Amino acid sequence: MHTLAPLVSDYLQPSDGPLTIELYQGSVTEREPCTRGFDLVTCVELIEHLELVEVESFSDVVFGYMAPGAVIVSTPNAEFNPLLPGLRGFRNYDHKFEWTRAEFQTWAHRVCREYDYSVQFTGVGEAVGHWRDVGFCTQIGVFQRNFDGINQSMSNAESLEPSMYKLLYKVVYPSLCDNNIYQKTLVNEVLYEAQQLRREWLRRMNMDSNNNADFYAPPLMEVFQHGVEGDAREWQPIYQQGNTICVPLERVWSSPRVRALCGSIQRLREELLEDERVRMSADGTVLNLPTDDDEGEEVEEEKDDVKTVSGVANNMEEDWDRELGS
């Protein structure tokens, strides 16, 4: 049982770039147009499950048809088998063959000559002592293409519908490329930072009940604590008007996370003015927050909702045997 669904953290901190994961069922000896034009193909413990007569088709499809920039092929090293306690025959009942290092390298060098690749050999699971000469438990060939990739019209694999493979599962991860997700992420970060500033201000006010909230001037440490290194200056103070705590937008803008999401304070102001969850002054220079925690609780509840949705997705584990019909 496995899961490909996004984690909670993927929703709370979406990635900058898009990510779509697709799981297909098909044969590596079949020419599927959707598999062309990728940078990397990995064949991890795969080749030994083919019949020997199918290896040539495998080589032609992977290196000749798919023609990725790099290919990683791993397979058991038959010379290591005597070191595995109780092993008789192959390591798995479904293995059709297991190659020695010489056999694997002979195949790999032939592939390089036929399809213009170069290869380097490595592995995992090194023997110790006088057994080191048998090589790695699993041998790996890392192939690099020596020529330019296939033409651009064929490399745009995402525009093609599968003709040979069956799509079993597809998930689109949240990313900042989605305008809705970007807007939601930005507003959540702004409100979180503003709430933190508001709570710190209220804490300081409670510590010194003699201060007048309407004329509060922050101590020197508070003035600079949210400043960006090399850009320290006196920020406008946080103040209270009636039942509203007023947080200057430039104080929120000093947050590294907010800066990373929004290129300029002018753009930040424009984005916030369009969002109904954000209460701002008429000129867009101040965020208005209530003196109590009601709004802060709403922000936390929204984050909890995101966690709940993601948690449901995380519990949707794929049953591979059922999907594959076995």
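Searching the whole structure turns up 10 salt bridges, where a salt bridge is a side-chain nitrogen of Lys or Arg within 4 Å of a carboxyl oxygen of Asp or Glu. Before you click on any of them: this is a predicted model, in which local features need pLDDT of at least 70 and side-chain atom pairs count only at pLDDT 80 or more, while totals for chains, interfaces and linings use all residues. Residues are numbered from 1 along each chain as its sequence is written, and side-chain values use heavy atoms, with hydrogens and water left out.

**Stop 1: the salt bridges**

Select E79 and R101, whose side chains meet in a salt bridge at 2.9 Å, N to O. E79 sits in the loop between β3 (70–76) and α3 (101–115) and R101 in helix α3, so this pair ties together parts that are 22 residues apart in sequence. (Helices, H or I and at least four residues, and strands, E and at least two, are DSSP runs numbered from the N terminus.) E79 is partly exposed, with a relative accessible area of 28%, and R101 is partly exposed at 27%. The cut-offs here: buried means under 20% relative accessible area, exposed over 50%, and partly exposed in between, using a 1.4 Å probe and protein chains only.

Next, pick R257 and E189, another salt bridge, with the closest N and O atoms 3.6 Å apart. R257 belongs to helix α8 and E189 to helix α5, so the pair ties together parts that are 68 residues apart in sequence. Which of the two is buried? E189 is, with a relative accessible area of 17%, whereas R257 counts as partly exposed at 27%.

Now go to R132 and E126, a salt bridge whose closest N and O atoms are 2.9 Å apart. R132 is partly exposed, at 46% relative accessible area, and E126 also counts as partly exposed, at 46%. Finish this stop by selecting E200, R203 and R204, which are linked in a network of salt bridges.

**Stop 2: a sheet of three strands**

Show β7, β8 and β9 as cartoon: they make an open sheet of 3 strands in the order β7-β8-β9, with antiparallel pairing. β7 and β9 are the edge strands, each pairing on one side only. On average, neighbouring strands of this sheet are turned by 35 degrees against each other, direction ignored. Helix α5 packs on the sheet, touching β7, β8 and β9, and its direction makes about 65 degrees with that of β9. Axes are lines fitted to C-alpha atoms, for helices over the stretch in contact, and angles run from 0 to 180 degrees between N-to-C directions.

Zoom in on β8 (residues 244–248), which is mostly covered, with 4 of its 5 residues buried. On one side, 3 bridges join it to antiparallel β7 (residues 239–241); two strands pair if DSSP finds at least two bridges between them. Here, Y239 has C246 in β8 as its bridge partner. The hairpin of β7 and β8 has 2 residues between the strands, and in it G242 takes a positive phi near 65 degrees. Between β8 and β9, which run antiparallel, there are 5 bridges.

**Stop 3: helix α9**

Select residues 265–273, helix α9, whose buried residues are L268, R269, E271 and L272. Look down the axis of α9: the buried residues fall within an arc of 165 degrees, so they line one face of the helix. That arc is taken from the directions from the helix axis to the C-beta atoms. What covers these buried residues includes α5 (179–207), α7 (249–253), α8 (256–261) and β9 (286–290).

**Stop 4**

Most residues other than glycine have a negative phi. Select E45, a residue other than glycine whose phi is positive, near 50 degrees. E45 lies in the loop between β2 (40–44) and α2 (55–66). Then jump to D116, not a glycine either, with a positive phi of about 60 degrees. D116 is in the loop between α3 and β4 (117–126).

**Last stop: colour by confidence**

The protein chain has a mean pLDDT (the predictor's confidence in each residue, from 0 to 100) of 82, and 77% of its residues reach 70 or more. Select residues 151–157: pLDDT is below 50 here, and the stretch has 7 contacts beyond near neighbours in sequence, a contact being heavy atoms within 4.5 Å. Residues 306–318 are also below 50, with 24 such contacts in the model.
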